[in-house]
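Dear colleague,

I am passing on a structure that I would be glad to have you look over. My notes on strands, salt bridges and one surface patch follow below it.

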Amino acid sequence: MIMRKSIIFSAIFSVFLFSSQLLAQTGVVKGRVYDQKNNEPLPFVNIIVDGKPTLGTTSDVDGNYTLSGVDPGYVRLIASFVGYQRFTTSDFLVTRSHPVFIDIPMNEAAVTLEDVVIKPEAFVRKEESPLSLQTLSIQEIERSPGANRDISKVVQSLPGVAQTVSFRNDLIVRGGGPGENSFYLDGVEIPNINHFATQGASGGPVGIINTDLIRQVDLYTGSFPAKRGNALSSVMELYQVDGNREKFGGRFSIGSSDVGLTLDGPISKNSSLVFSIRRSYLQLLFTALKLPFLPTYNDYQLKYKINFKNRDQLTLISIGALDKSKLNTGIKDPDAGQTYILGYLPEYNQWSYTIGLVYTHFRKRGYDNWVVSRSMLDNEEIKYRNNVRVPDSLLLNYKSREIASRIRYENVTELSKWKINYGAGLDFVEYKNQTFQKVFLEDQLRTLDYSSYLSFFRWHLQGQVTRNFFKEKLELSLGIRMDANSYARRMTNLLNQLSPRFSASYAFTDKWFLNFNIGRYYQLPAYTSLGFRGNNGTLVNDSLGIKYISSDQVALGVEFLPRRSSRISVEGFYKGYSHYPFSLIDSISMASKGGDYGAVGAEPVTSTSSGRAYGFEVLYRDVDLFKFNVILSYTFVRSEFTNAFGDYIPSAWDNRNLFNITVGRKFKYNWEIGAKWRFAGGSPYTPYDLDKSSLVAAWDAQGRGYLDYAKFNTLRLSSFNQLDIRVDKGFYFKKWSLMFYIDVQNILNFQAELPDILINTQPDGSVVKYTDPEGNERYELRTIPNRTGTILPSIGIMIDF
């Protein structure tokens, strides 16, 4: 019997291996090679598969090419042409089921071939941002262990980017707050990239962006180009794929938390469409696990592109989300932790969208971009005491909406060694808020009950000039940006928000570079702060003189490129903050807020806080280290902001030490294995104010304890580390493909420390009240340990057709 089973198993295994070899037959790559500045086709360009120099082709007189015989899986192409800089594409997936279309933009070499400094092109280098820029290919995003194809989690492996122990998607860059980032999808600004987004910041538990539509992500952690504003910590540029030009296809996927469908194909001879929808099944999973909250999210994403010959392009971009979270009040005999969460957590309804049009007109020496877009975020929260839905038990009823209608113009012109970029933009902003909230302030229970409507214009001018010298060894870039708005008279003058920036890069050899950037950047405070009103209807923070936040930043780095596939860099940075909003209720800088759910900023603030974040980063990247793809980064960072006395104290993001290593390798028969290990120094935290928290009126107002802000961030958690692994396998059939992965997060089962939870229930579930000598009614409180972390396996399946 045992022998029979062994024979059967061996037969199945042999068939499996044979089918893997049989199915892995070749695919086709098609596309167009063109001059990036004017979209003119480039004929007779040599195109090869990276790593396989004998597998290649040449573009025809119209710049079109067809490359057959490409093995299924992720590949890159290298294009070379006399008089142009060699170009390497991002990774893309090749299957047998349909051709892949990859267009290749190329830039003219500014000097003659014999004079040019040959620079390895495996990593993106931009003259206006020669440092503090990282690029992720779709393969690195798709295959990142522990990230489950979520871009917000993937970028946490990059230098300067922290991860929070709460496992949210807050983007914490170089010690800045989660509200200091901006995001662009194919050049269209989107307000956030997460479901259940924290209004007034940028974080959330899971990302909105569907990686099925993404081809590349650029993350600027400093050295921002002048065309991108309203950011102090990072700018994320997301670039989408184009739809298939020959026939319709798609992908059906099941991930760790959602199911999705992506369709793409031609709409006409010159246009294509790619569209996706996703829906989560977390509500079913959380019900089975008896978790106290039941979230459901939905999202869509689309790109429609039409080409009008070679001179004009029109692209329609849209992305949106619908999120709902309700409480699981049907849990029988909830434990202390479940009771605590049910006691304070509101129910959420949130939906958002962005829709934009990008019109590009190419000229002989450049192009013009017109971008028109509209974004909306609608956020609702509601909470009843003890979750009893009667009017007298209402603690919070929050309804808010943010709308931004934008138009932006950009001109890019290249003249010999000069590259000139200038433009302008105009936004019309609307903010609505209707709030009813019970709050305990100044030792008494108060009621906030106000409605707010706010509308104003924002505008900006920007320009940047870039030039190379000494046979391209020295590159200099000078940019200027000015922002203003009509919210208040003090912010209407563009010169008051003059934002200069300067970058320099010097190539000592073709392998060693010295890079530098200095600049001043401005960001408008959150709309929740600008639109906050008192019960008498006045704009509280307008009367308190709220203004733009400013940050002076400098970065210096050395870069070494030992091989075309590898990069080593060391960067030091300093960020000085001025006019940061300061909470008058909690007496802390708003920079330390925004890492929780709901909304942040709807409170009285003054623009009086200062801050500083400084440190250094070490990065080693190699896309082919003995066939391994390696990302290794270490960041030392200090983040401090002033308190009410003007003293610098650690912010919530003062982790100090961050270390990440991600390793992946392809094997035969379309297997791939990856691992990621993360380490973060302990975050500072604040003890509870036990005297205030124990008051019945205070506790009942918010269902949990109050922090002692006089001792803000005087305690520190233990350090955190986590090891994730992932295994991928692909089957490539003639008309369809099957790919699956197994992802195991925290395989070492590390238990991360979080601040203890203060609760008002006893071990037997009872609630004990007493009256103190002053006649105040109080709860008997206790703390329970709060540790998080478990081995979390998940499976993903993707079917391409």
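Which residues make the nonpolar surface patch of about 860 Å²? The patch is made by F252, I254, V259, L261, L263, I277, W736, I742, I795, I797 and F801.

Before the details, please note that this is a predicted model, in which local features need pLDDT of at least 70 and side-chain atom pairs count only at pLDDT 80 or more, while totals for chains, interfaces and linings use all residues. Residues are numbered from 1 along each chain as its sequence is written, and side-chain values use heavy atoms, with hydrogens and water left out.

**The nonpolar patch**

Patches are built from residues with over 30% relative accessible area and no salt bridge, like charges being joined within 9 Å and nonpolar side chains (Val, Leu, Ile, Met, Phe, Trp, Tyr) within 5 Å; the accessible areas come from the Shrake-Rupley method with a 1.4 Å probe, and for residues only the protein chains shown count as cover. At least two residues of the patch are supplied by each of β20, β21 (258-268) and β50 (792-800), and β21 gives the largest share, 3 residues. Strands here are DSSP runs (E, at least two residues; helices are H or I, at least four), numbered from the N terminus. I795 is found in strand β50 and is exposed, with a relative accessible area of 54%, where exposed means over 50%, buried under 20% and partly exposed in between (1.4 Å probe, protein chains only).

**Salt bridges**

The structure holds 55 salt bridges, each being a side-chain nitrogen of Lys or Arg within 4 Å of a carboxyl oxygen of Asp or Glu. In one of them K153 meets D150, with the closest N and O atoms 3.6 Å apart, and D150 is buried at a relative accessible area of 6%. Another joins the side chains of E189 and R406 (3.4 Å, N to O); because E189 lies in strand β15 (residues 188-190) and R406 in strand β27 (residues 394-415), this pair ties together parts that are 217 residues apart in sequence. Both E189 and R406 are buried.

The side chains of R251 and D212 also meet in a salt bridge, at 2.9 Å from N to O. This pair links distant parts of the chain, with R251 in strand β20 (residues 249-254) and D212 in the loop between β17 (206-207) and β18 (214-220), 39 residues apart, and both R251 and D212 are buried.

**Strand pairing**

Two strands are taken to pair if DSSP finds at least two bridges between them. An open sheet is formed by 4 strands in the order β3-β2-β6-β7, with antiparallel pairing, and its edge strands, β3 (52-58) and β7 (87-88), each pair on one side only. Within this sheet, β2 (residues 46-49) and β6 (residues 77-80) run antiparallel and are joined by 4 bridges, V49 having L77 of β6 as its bridge partner.

Further along, β33 (residues 549-560) and β34 (residues 566-583) pair in the antiparallel sense over 11 bridges, and a hairpin of 5 residues joins β33 to β34. A555 stands opposite F573 in β34. Strand β34 is also joined to β35 (residues 605-625) by 16 bridges, again running antiparallel, and here G572 stands opposite F616 in β35.

With best regards
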